[in-house]
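Biologist: I am new to reading models like this one. Could we look at it together, question by question?

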Amino acid sequence: MAVKAAYENYSGPNRDAVENFHGNQLVYIGWDEHMMFACPGAFPLPPQMPFGALVKDVVPGAFSQHPDFANIDWNKVEWLLDGNAFKPTLDKSLADNGVNHKSLIRMITPGLNGINNSGF
Amino acid sequence: MQVDIKSLSIKPLRNTFDQVVRFTGSDKSASRYLEATIGVQPEVNFHYKPLWSKNRDLYDKENTLIVMSDWYRLLDPRQYYYGAWTIARSKQQDAAERNFSFVEKRNMLEAIPADLRDKIITTFLPLRHMEYAANLNNTYMSAYGYGVSITQAASMCAMDRLGIAQYITRIGLMLDGNSGDTLKTAKAAWQNSPAWQPMRELTENMLTTEDWFELFVAQNIVLDGLVYPLMYQSFGDLTSASGQTSFAMMTEFMSEWFDEHVRWTDNIIKVAAAESDSNKAQLGKWIQQWQPQILQALQPVAQQALGSAAQAGLDAAVAHLSARLNKVGIN
Amino acid sequence: MEQAKKMNMKDKYNAMTGDLGWDFSYKTEAEIFPLSDFEGIKIEDWSKWQDPFRLTMDAYWKYQGEKERKLYAVIDAFAQNNAHLGVTDARYINALKIFLTAVTPLEYAAHRGFALAGRALPGVGAQVASQMQSIDELRHAQTQLHTISQYNKYFDGLHDPFHMYDRVWYLSVPKSYFEDAASAGPFEFITAISFSFEYVLTNLLFMPFMSGAAYNGDMATVNFGFSAQSDESRHMTLGLEVIKFMLEQHPDNLPIIQRWIDKYFWRGYRLLGIVGMMMDYMLPKRVMSWKEGWEMYFEQNGKMLFDDLARYGITMPKFWEQSVEEKEHLTHKLWLTFYGYGHAAAFHTWIPEDSELDWLSEKYPNTFDKYYRPRLVYLREQEKAGKRFYNPSLPQLCQTCQIPMVYTDPKNPTQRVYRESIYKGDRFHFCSDACKEIFDHEPEKISQAWLPPHQIFQGNCGGATIPDVLKHYHFSENDGGEFLHSRDNANWNLWKGLTPDEEAA
Amino acid sequence: MSDKMVFLALQDNEDARPIREAIEADNPLAVISQYPGVYKIDAPGRLVVNRESVEERLGRAWNPQDIHLLLVSLSGNIDETEDYFALERT
């Protein structure tokens with residue numbers, strides 16, 4: 001349904017268009033059952049970045065404070081991309097893995113469910 | 001309160017807000033006026049384009065042709081923030097209340113001769129409609145203007161105009177013993193009588209003026225600058241000359257108000273004109289554009305109010321306005 | 001001269017307002033009030049407008065002048081007596097920091113918004129009511145500034161509120177809420193602010209908060225709070241009148257109004273979560289919990305209001321049940337969020353003392369001990385061990401309410417709610433069904449949101465590092481972070497002659 | 001009697017005392033709750049503040065609009081004349 005304005009063809013700036021991020025795209029990364037990080041983090045990342053680099057270079061900066069982090073078995077991590085289960089190819093780029101501008105990546109670590117299993 | 005104060009150690013970390021420091025250039029303790037005014041309006045990072053304007057932001061400097069490097073410099077010499085304004089007005093309304101009840105208790109209005117009474121009804125009471133338009137116009141300046149210095153003063157002015165429209169209404173109700181008949185007659189004159197039509201047309205045109213600063217000039221400088229001297233001074237003198245003090249008493253609020261209004265409005269155009277030649281030229285252009293129209297629309301009203309003294313009344317009003325404009329460097 | 005008869009209040013007020021207008025003939029009504037019909041609200045007869053309060057300007061000046069005289073007498077006395085030292089403790093000041101940076105600018109925005117409405121609406125009664133509210137809102141912004149001015153001299157985080165409001169990440173929550181309303185047409189604005197916000201929600205802002213200020217020894221704030229509330233009562237009745245008037249004027253107005261009520265109830269509720277956090281976590285002495293406040297003012301009183309409006313076909317705001325389901329989680333979640341982002345806020349955060357945790361357990365028996373106490377205790381231990389937790393990433397925000405995506409499913413409180421929409425090929429994220437629905441109804445508008453984390457990444461906020469951004473925000477190194485290590489706390493202890501041990505005792 | 005409630009919240013100060021007393025006398029079903037700095041008066045259906053009752057307690061003239069000086073909050077539909085200030089919900 002169109003917005004009713006006092007003039008025809010109401011529209012405004014698309015502030016978060018990918019072109020505005022200087023060659024990067026936005027990616028959100030969250031860790032399920034670890035509410036210490038109250039919400040997913042937002043990161044500007046090059047679409048060509050390999051998924052493996054995201055795991056190695058970005059994720060630790062976001063979540064390594066959590067005591068569970070050191071115990072993650074990266075082979076068992078389950079990933080969700082924009083709400084769907086997904087198996088990333090680590091040496092392929094974010095773009096080739098289907099991670100687009102403003103995609104949300106969620107990490108699920110079976111067996112690791114926060115401090116004392118509390119989801120925190 | 002039981003406080004063990006180590007008074008020597010209690011030193012302020014700062015004396016005022018940073019936005020005031022940026023404006024005055026020093027962290028001296030600041031006046032309530034400045035703390036209430038400077039930097040309060042949002043300036044950047046507006047989230048959504050307004051549905052009500054195709055080209056403008058929620059707060060937009062380009063709503064007028066006037067350009068200021070710092071809009072906060074359009075200060076109000078009265079230093080009115082809400083509290084100072086409303087306390088000042090509450091005192092004035094107290095005085096007005098006493099005047100009205102003085103006139104009422106002594107039935108002073110009964111002594112007004114019929115012809116003067118008619119004049120008050122058909123040439124003075126219609127001003128309540130003009131004041132209502134002035135209320136809308138100042139509300140417009142408050143809505144679309146830039147920087148709290150001028151917009152808050154416009155807001156107060158808008159409410160003042162509503163108050164004045166209501167005082168004029170009260171004069172009508174006192175004249176007709178609360179029947180409302182005088183107001184009906186006055187409104188019919190405003191709506192239909194030939195003498196008022198040029199002014200009503202001008203008023204309706206003014207209500208569609210888009211540039212808020214132009215509206216400030218047209219309404220608060222030129223129109224008020226001519227109407228108040230004409231109606232509260234010359235017409236007021238005429239009522240007093242016939243031995244009637246009641247009119248002057250009941251319009252004391254307006255007369256005092258206008259003196260104060262002039263102080264505010266003149267400072268605004270003075271500072272705006274001093275900012276740049278282009279501002280000065282633009283202000284001059286607006287005055288040249290509005291003054292003849294307003295003067296022309298006032299002719300039949302002046303005629304009706306003052307009769308043979310009409311031209312003298314208009315001349316005096318023009319002289320009053322010209323003197324003000326000369327003083328602030330716009331002519 | 002006729003014998004003066006008594007005029008009834010209504011007729012007299014009409015002579016003082018409605019009758020000031022006239023029938024335009026040189027210009028059309030559409031030329032003079034060009035913004036009155038684009039929203040689709042149909043008004044057939046403005047003369048049916050009922051003024052909720054009939055205050056003429058002389059009475060207005062009289063009452064407001066008296067209120068201001070009293071208010072400023074207290075503010076003067078407050079400053080002369082160093083009364084900022086009389087509050088319960090320095091943690092309390094942090095509630096004022098949020099108030100000054102998030103609420104005071106809204107008062108100002110309301111001032112301007114009601115000026116727009118007071119010029120745009122064609123009925124004189126509605127104009128006058130809007131204009132009076134406009135200038136009242138200016139009053140509120142200014143009395144708050146004048147009251148808090150004294151605190152600004154002695155405490156951090158209060159020194160540059162308007163610069164912060166235009167830029168700081170969490171302040172985009174109130175800013176975008178209000179700008180959504182103010183960038184809309186006059187009827188939507190007045191429904192949003194006078195009705196959904198003032199009538200339905202602000203009792204929660206002022207009643208418990210101001211009572212809280214009284215309870216915590218902040219007489220200056222109580223003073224402006226209650227003084228402002230006396231205006232607020234007028235504003236609330238304007239809100240109700242506007243709604244009833246529009247509904248009575250034309251049946252086509254109902255669905256439009258219902259949608260606005262739904263939208264602004266939800267956005268207002270999301271915004272008020274921050275007030276809830278102040279009530280539950282930031283007042284050293286507490287008056288009532290968020291949950292109790294929500295039950296009293298929304299579930300009971302709000303429900304009665306909507307029962308009243310049922311005769312017009314208005315129903316409870318959509319998703320209100322969600323607000324009730326969230327009531328035992330909301331404030332804990334928000335406090336933990338701000339605790340984690342405390343290094344990027346202009347107020348201090350801390351872990352409540354044990355007695356305060358016990359109060360929270362008592363007020364939130366179903367959730368606090370089960371979910372939130374262990375988290376707070378864990379974070380306290382971390383802090384004691386020198387590992388004060390701060391979240392290192394910029395938060396993902398909800399596109400609509402702009403609060404970080406922290407809300408969880410009440411039925412599964414360790415699972416966040418994620419919703420999304422695709423608009424013109426781009427993905428947008430939401431914290432709730434309600435925020436998604438608001439977006440989906442007007443994506444052209446809500447997609448424009450100026451989301452601070454994204455703006456930082458685009459290079460519009462002073463730089464790429466957190467210190468760059470905090471500098472751009474004008475935060476000093478004393479403004480944020482852990483309360484225990486703050487300059488406020490150190491100064492407070494010095495001024496009050498407290499050693500940390502005495503304070504704990 | 002209506003089961004719908006109205007309420008009035010007034011500042012707790014000396015000026016409000018006669019009003020509060022007048023309300024208590026004229027609204028037997030009203031329930032008063034005290035909070036710091038403010039009291040809240042709930043009543044079913046209607047709550048009225050009568051000019052005469054306040055004047056009796058105040059010992060001088062009182063205009064129902066004077067309630068503006070003390071109001072903190074309210075809920076209900078306003079019915080206001082020169083002789084009373086009332087809230088209704090029926």
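Biologist: What is the count of salt bridges between chain C and chain B?

Modeller: A salt bridge needs a side-chain nitrogen of Lys or Arg within 4 Å of a carboxyl oxygen of Asp or Glu. This is a predicted model, where local features need pLDDT of at least 70, side-chain atom pairs count only at pLDDT 80 or more, and totals for chains, interfaces and linings use all residues; side-chain values use heavy atoms, with hydrogens and water left out. Between chain C and chain B, the count is six.

Biologist: Which residue forms a salt bridge with C:D76?

Modeller: Residues are numbered from 1 along each chain as its sequence is written, while chains are lettered from A and ligands numbered from 1 in the order in which they are written. The closest N and O atoms of this salt bridge are 2.8 Å apart. The partner of C:D76 is B:R32.

Biologist: How many residues of chain B are in contact with chain C?

Modeller: Contact means heavy atoms within 4.5 Å. Four pairs of chains are in contact, and B and C share the most contacts. Chain C brings 103 residues, and the number from chain B is 95.

Biologist: How much area do chain C and chain B bury between them?

Modeller: Buried area is the accessible area (1.4 Å probe) that two parts lose on being put together, summed over both. Of the area here, 60% is on carbon and sulfur atoms. In chain C, C:W22, C:Y26 and C:W61 lose the most to chain B, together 10% of what that side buries. The total is about 9000 Å².

Biologist: How far apart are the closest C-alpha atoms of chain B and chain D?

Modeller: No contact joins chain A and chain D, with 32 Å between their closest C-alpha atoms. Chains B and D have no contact either, and their closest C-alpha atoms lie apart by 14 Å.

Biologist: How many helices does chain B have?

Modeller: Helices (H or I, at least four residues) and strands (E, at least two) are DSSP runs, numbered from the N terminus. Chain B has zero strands. Its helices number 13.

Biologist: Are helix 13 and helix 15 of chain C roughly parallel or roughly antiparallel?

Modeller: Axes are lines fitted to C-alpha atoms, for helices over the stretch in contact, and angles run from 0 to 180 degrees between N-to-C directions. Helix 13 (residues 330–340) and helix 15 (residues 368–384) of chain C pack at about 15°, with axes 11 Å apart. Under 35 degrees counts as roughly parallel, over 145 as roughly antiparallel, 65 to 115 as roughly perpendicular and the rest as oblique. Therefore helix 13 of chain C is, relative to helix 15 of chain C, roughly parallel.
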